[in-house]
Structure formats: structure tokens, C-alpha cells
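Biologist: I would like a close look at one part of this assembly, followed by its setting. Please keep to what can be computed from the coordinates.

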Amino acid sequence: MTDITANGEKPSSINLVKVLGPTHVWALGVGIVLVGEFMGWNYSVEKGGALGSIIACWIIGLLYTCVAMIDSEVTSTVAAAGGQYTQAKHTTGPLMAFNVGLYLVLAYTMLEAADIFVFGDLIRIASESLGAEAGMVDARPFVLLAVSALAFLNYRGVFMALSVNFLITAVAFFSIIVLVVAYQFGIFTAEPLQHEGLGMGSLPYGWMGVLASFQFGIWYYLGIEGTCQAAEEVRSCGRSLPLGTMTGMITLLIAAALTWYVCAGSLPWEYLGTALAPLYDSARVSGSTVLIVLLWVGTVFSALASANGCINDAARAWFSMGRDRYLPQFFAAVHPKYRTPYRAIIFLIPIAASFGFLQLLAPTITFSILSGLLGYTFMPINMFRFRGKWPLNTIKRGYIHPFHPIPSLVLLALCAATYIAVFLGFGTQLLAMMVFYIVASVWFVLFRYKYVQRGDQFTMAWPRPKGY
Amino acid sequence: MAKYQPRKQSGVGQAFDAIFLLVLVFLALLVPLEMELAGAAKGDWLPGEMKVETATDGTIVVSNDKGLIKRTAPDGTISFENLTWEALEQTPVMQAQWGKLDMDLETAAAAITLRYDYSFSWGGLIATLAAIAGYFAFLVWQSDREYRQVIAEKFGNGS
């Protein structure tokens with residue numbers, strides 16, 4: 001495979017470089033998502049109470065397990081950058097691929113904006129804790145510095161970027177474990193967890209609240225499917241991707257359950273539901289300086305790891321779309337020395353930063369969740385078409401997920417329920433955001449598809465699809 | 001099948017397309033805010049039997065059967081009468097945790113006495129779900145037409 005540069009030629013064979021292993025895949029997936037345990041998931045408590053939130057956590061966990069199963073099978077077979085976008089090209093067609101590419105870019109860019117917004121707030125919280133006057137610290141220079149450093153890391157090479165992600169994600173995960181162990185065994189703090197005393201067994205809004213909390217239940221896991229973006233850069237795709245994705249999913253299920261357990265046992269639900277950084281607050285009420293500092297570091301690292309992973313994934317999706325001319329070819333260039341999609345990386349950074357700086361946090365999160373959900377809705381379509389066009393044993397699959405079609409049907413049903421939850425939360429705002437994707441689709445069909453080389457969209461060495 | 005030769009796009013055209021998409025994204029973020037489209041909103045809530053009245057000066061007065069009263073003035077100022085932790089149904093454990101979060105009774109009460117109202121329009125829900133279903137149906141239909149062109153060019157006509 002060769003890369004297409006801005007002038008439309010194929011002058012060289014500079015490709016993305018295959019240097020990643022399963023730990024990097026884990027670091028990419030968990031790194032993007034773990035911030036969801038440090039902030040965001042708790043809005044599901046506001047929607048349905050603490051008990052409603054843990055029910056949503058389990059049900060949405062099932063949704064993501066289906067996503068991971070389907071993704072692992074298709075990605076272990078379609079080893080190319082772009083993840084689900086490249087899958088869509090091979091199973092469904094160009095327009096669907098264009099939309100899936102946009103879901104990926106927007107879900108990750110918006111999530112990155114939310115990450116850097118939270119990072120700025122954590123800087124402010126820390127400076128005020130150290131004695132600065134409230135409201136006097138401008139966190140924006142720190143945010144800009146952090147984003148620039150992450151962009152540079154991604155520009156210089158994927159191996160170092162994801163190795164750093166592995167380290168800081170591991171520290172963040174470790175901080176959750178330490179907090180739970182400290183509360184459970186009375187280390188650093190004499191405070192017990194008090195689920196019963198905090199009334200965690202009730203559903204303040206009944207089952208309607210449980211349904212509504214699905215909206216932010218997604219935040220526990222949003223982005224794990226991003227592991228597929230590394231497909232073109234892992235050494236052994238068939239082994240590393242399913243291994244990294246499934247261990248990542250297991251890590252997140254554990255982290256989500258522990259996070260809920262410790263926060264629900266230490267914070268009143270009305271507070272927990274609106275907190276900016278609930279794990280940090282849980283450490284705060286423990287009264288232990290060690291835990292407070294550790295959880296502040298964990299929260300900062302999780303935000304940086306997520307932003308780092310989002311830069312990586314959004315750029316790969318944007319790059320892939322440029323390479324296929326779904327977007328301007330200018331973005332399809334690979335750095336001759338560092339072998340990274342550097343133009344896509346540099347282009348998307350100021351966009352994410354501007355979303356963060358414009359204080360558009362609520363619509364940004366809405367857009368990120370909606371884009372993720374649309375992408376999950378595509379996956380059952382993807383799976384049915386993949387198995388229909390190339391039944392088992394017609395092509396070599398790195399991994400075959402069990403129980404087909406049950407995971408696809410369960411995923412479709414859970415996506416429908418989550419759309420209702422998002423409607424309950426965002427109302428007709430959801431419809432307004434759908435207009436974006438509809439207008440973009442019409443634009444692609446009328447003005448963009450003419451630049452696309454038809455036969456080049458199918459790059460896998462597979463036989464002709466059944467029925468075509 | 002003759003191989004389709006796509007047009008080459010000029011640099012200006014590429015810049016225009018990138019900017020067009022960016023503008024579209026910003027519009028999608030800002031228009032819902034400008035149009036004040038919203039979903040479930042929080043409203044006043046008190047434990048027990050609740051009564052809501054509007055005073056002549058526009059103040060919203062919410063009271064319950066235990067004598068707790070919440071007043072929200074037109075300028076948004078909130079005040080309470082007969083406010084106690086017990087009236088808010090907060091257990092001693094909850095009270096202690098609010099204290100550790102540096103939140104006094106009044107501040108905590110402002111958070112506790114707001115709850116979501118999940119009533120919704122069936123018409124809006126059906127329209128939204130129909131739009132999503134229609135959007136995916138169009139995507140699959142149009143993509144399939146394009147996919148046949150891709151396969152024909154890649155593998156030649158005929159199966």
C-alpha cells in the first residue's frame with residue numbers, strides 16, 4: 001500500500017510503521033477511556049441515582065462487550081489504519097465509510113476537548129488548594145502547553161506516544177486501586193465506606209431514571225473501540241488487537257465497578273451526580289493528603305492519556321479519509337522520518353483546543369456521545385454484511401467471535417435504548433445534531449464522491465463478495 | 001468496466017472543503033445552543049407532599065407538608081424557611097459527608113432540592129428515532145449503490 005500526497009501522486013512507499021504490541025493497544029484503548037472513570041460517568045448518578053448508575057454501568061458494559069467482540073473479529077481481518085472506517089469501506093460502501101470516519105474524528109476530537117477542559121480545571125483546583133485566590137488562576141497557558149506537548153509526542157512517533165500512554169494510564173488505574181484498598185482496609189484513612197448510610201440502594205427517579213442514566217453510562221467506556229485505529233501499526237494484528245481490546249475491556253469493567261463502589265460509599269448522590277472529579281472528591285473526604293495528591297495525579301494523568309489517545313485516533317481516521325480522497329488529499333501525507341500522519345495531527349489540534357477554550361463543554365460532550373453511539377449502531381450492520389459477504393472459512397480471520405448473531409442483535413437493541421436515553425437528556429438537540437450528519441452525507445454524495453477512485457476503495461486480498 | 005478516472009482537486013478546492021466541514025461542525029455545536037433546544041430540565045423538588053405557587057412579585061414558592069419552604073426570586077436568589085437536615089431527609093452520614101465537602105446546609109439544600117422532570121413529547125421522540133432510522137436506511141441504500149461500482153471496478157463485471 002502506498003500513500004497519496006497532496007498532489008494526488010503516489011511518489012513513494014512511505015507507510016505508517018508497524019511497531020506496536022498488545023500493551024500499546026491496551027494503552028490506546030484504556031488510555032482514551034479511563035478518564036471516564038475520573039469524570040463524566042457520575043452524571044449518570046444525577047440522571048438516575050447511584051443504584052441507577054451501576055445498573056447502567058452493567059448494561060452499557062454489555063453493549064461495549066458486544067462492540068469489542070464484533071470489532072475484534074473484523075479488525076483482526078481488516079488490518080489498516082482507520083479502524084471501523086476501513087471496515088465500512090470493505091463491507092458497506094463509501095458513503096457509510098465517510099460517515100463512520102466522521103463519527104470517529106468527531107467523537108475523539110470532542111472527547112479531547114473535554115479532556116483538556118478538565119485538565120485546566122484540575123490545574124485551577126490545585127493552585128487554589130495551594131493558596132491561590134479563587135478565580136485568579138488562568139489555566140489556559142497550562143492547557144496549551146500540555147496539548148502542544150502531546151501533539152509533539154504524536155508527531156514524533158506512535159511508539160513513544162503510546163509507550164507514554166501506557167505508563168500514565170497504568171498510574172491512573174493504580175490510583176483507583178489504591179483508593180479502594182485504602183478505604184476498604186483503613187490505610188491512610190479511618191473513614192469507612194458507607195453505602196447504606198448514604199442511601200445508595202434507592203432509585204430516586206424509578207426505572208425511568210435508570211433508562212435516562214444510560215446516556216452517561218456510555219462515558220464509563222466511550223472510546224475503547226479506538227484500539228482498531230492502531231491496526232496498521234501493530235506488529236501482529238491478528239493477535240495484538242483482540243488481546244489488547246479484550247484485556248482493555250476487562251480493565252475498564254473492573255475500573256468502572258471499583259470507581260462506582262468507592263464514590264457511592266463516600267459521597268452523597270446529589271453531590272456525586274454533579275461533581276467535576278468524583279474520585280478526587282472521594283479522596284478529599286478521606287482526609288488523607290497522600291490519597292488526595294495521588295488521586296489528583298491520577299485524574300490529571302487520565303485526562304492527558306485520553307487526550308493523547310484521542311489525538312492519535314482522530315488523526316488516523318482523518319488521515320485515512322484523506323488517503324482515500326473522502327477528504328482533501330493534503331491530509332494523507334506520512335512524515336518521511338517519523339512515519340506519522342503529521343498533517344492530520346497538526347490540523348486537528350487547534351480545532352479540539354478551540355472547542356475546549358470556547359467553553360462548549362455540554363454540546364461537545366453531546367456530540368461526542370452521539371457520534372460514538374452512531375458508530376456503535378453501524379457495527380451490527382457491519383457484522384451482518386461481513387459474515388454475509390464472506391461467510392466463515394472463505395477468508396482467513398484473526399479472530400472469530402462466538403454466538404453470532406446474538407451480540408449484533410443485543411447491540412442493536414441496546415443502541416435503541418440508549419438513543420431514547422440521549423433523547424431524554426438532550427431532547428430535540430439530538431435531532432439538530434443529526435442534521436449535521438445528514439447535510440455532510442448529502443455533501444459527500446454531490447460534491448466529494450467524484451474525487452474518489454472506485455476500485456481503490458477495496459484494498460484487501462479477499463475474493464469477490466458473495467452476491468456482488 | 002472502464003476504470004473511473006477521478007478529477008484532481010486544486011489546492012484551493014481542498015482548502016475550501018476542509019473549511020466547509022469545519023464550519024458545519026461549529027454550526028452543529030452552536031445552533032442548538034442559540035435555539036435553546038434542550039431535553040430534560042431540573043425543577044424544584046422537596047421531600048413529601050409538595051405544593052408550588054407563584055407570588056404576586058413573581059417569586060416561586062415551593063412548600064411541603066413538613067413546613068419546609070423554598071423561595072426562588074425572579075432574579076434567581078434562593079432562600080429557605082424551616083430548613084434542617086432532617087427536613088431534607090439527610091441521614092447523619094450524609095450530613096457528615098456534606099460537611100467534609102465544605103458545603104453548609106444552605107448550599108447543600110440548593111443541590112438536593114432540584115430534580116429532573118422526565119416528561120417528554122412522544123412526537124419528538126418518534127420524530128428523532130425515525131430520523132435516525134431513515135438516516136441509516138439512506139446510508140445503507142446509497143452506500144450499496146456505490147459499493148457495486150467499487151466491486152465492479154475491482155473485480156470486473158459479472159460474478
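What radius of gyration does chain B have, and what would a compact globule of 159 residues have?

Modeller: The model is predicted. Chain B has a radius of gyration of 29 Å, whereas a compact globule of 159 residues would be near 15 Å. The box filled by the C-alpha atoms of chain B, taken along the principal axes, is roughly 85 × 40 × 40 Å. Of the 159 residues in chain B, 18% are buried. Among the contacts in chain B with a separation of 6 or more, 40% are between residues 24 or more positions apart.

The secondary structure of chain B consists of four helices and six strands. Read from the N terminus, the order is α-β-β-β-β-β-α-α-β-α. The domain assignment divides chain B into domain 1 (10-39), domain 2 (41-117) and domain 3 (120-159). Between the C-alpha centres of domain 1 and domain 2 of chain B there are 41 Å.

One loop of chain B has a backbone detail. Asp102(B) sits in the loop between helix H2 (92-100) and helix H3 (105-112) of chain B. Its phi is positive, about 60°, although Asp102(B) is not a glycine. Most residues other than glycine have a negative phi, and most peptide bonds are trans. Asp102(B) has 8 other C-beta atoms within 10 Å and is therefore exposed.

Next comes the contact between the chains. Chain A contributes 68 residues and chain B contributes 57 residues. On the side of chain A that touches chain B, the elements that each supply at least two residues include helix H5 (94-129), helix H12 (278-286), H15, helix H16 (406-426) and helix H17 (429-448). H17(A) gives the most, with 13 residues. Sorted by class, this side of chain A holds 41 nonpolar, 20 polar and seven charged residues.

H15 of chain A spans residues 361-389 and includes Leu373(A). Leu373(A) counts as buried because 24 C-beta neighbours lie inside 10 Å. Leaving aside neighbours within four places in sequence, the contacts of Leu373(A) are Ile218(A), Cys415(A), Thr418(A), Tyr419(A) and Val422(A). Leu222(A) is 151 residues away from Leu373(A) in sequence, with a C-alpha to C-alpha distance of 9.1 Å.

The loop between H15 and H16 of chain A holds Asn393(A), and Pro405(A) lies in that loop as well. Asn393(A) is a residue other than glycine with a positive phi, near 80°. With 8 C-beta neighbours inside 10 Å, Asn393(A) counts as exposed. Pro405(A) is joined to His404(A) by a cis peptide bond, with omega about 15°.

Elsewhere in chain A, helix H3 (residues 43-75) packs against helix H10 (residues 237-264). The angle between these two helices of chain A is about 175° and their axes are 10 Å apart. H3(A) and H10(A) are therefore roughly antiparallel to each other, since angles over 145 degrees count as such. Residues on the H3(A) side include Ala50(A), Ile54(A), Cys57(A), Gly61(A), Tyr64(A) and Asp71(A), while those on the H10(A) side include Leu241(A), Met246(A), Met249(A), Leu253(A) and Trp260(A). The residues of this contact of H3(A) with H10(A) comprise 13 nonpolar, six polar and one charged.

Conventions
Residues are numbered from 1 along each chain as its sequence is written. Chains are lettered from A and ligands numbered from 1 in the order in which they are written. This is a predicted model: local features need pLDDT of at least 70, side-chain atom pairs count only at pLDDT 80 or more; totals for chains, interfaces and linings use all residues. The radius of gyration is taken over C-alpha atoms; the globule rule is 2.2 Å times the number of residues to the power 0.38. A residue is buried if 20 or more other C-beta atoms lie within 10 Å of its own, exposed if 12 or fewer, and partly exposed in between; C-beta atoms are placed from the backbone. Two residues are in contact if their C-beta atoms, placed from the backbone, lie within 7 Å. Axes are lines fitted to C-alpha atoms, for helices over the stretch in contact, and angles run from 0 to 180 degrees between N-to-C directions. Angles under 35 degrees count as roughly parallel, over 145 as roughly antiparallel, 65 to 115 as roughly perpendicular and the rest as oblique. Ala, Val, Leu, Ile, Met, Phe, Trp, Tyr, Cys and Pro count as nonpolar, Asp, Glu, Lys and Arg as charged, and the others, Gly among them, as polar. Domain bounds come from an automatic or database domain assignment.
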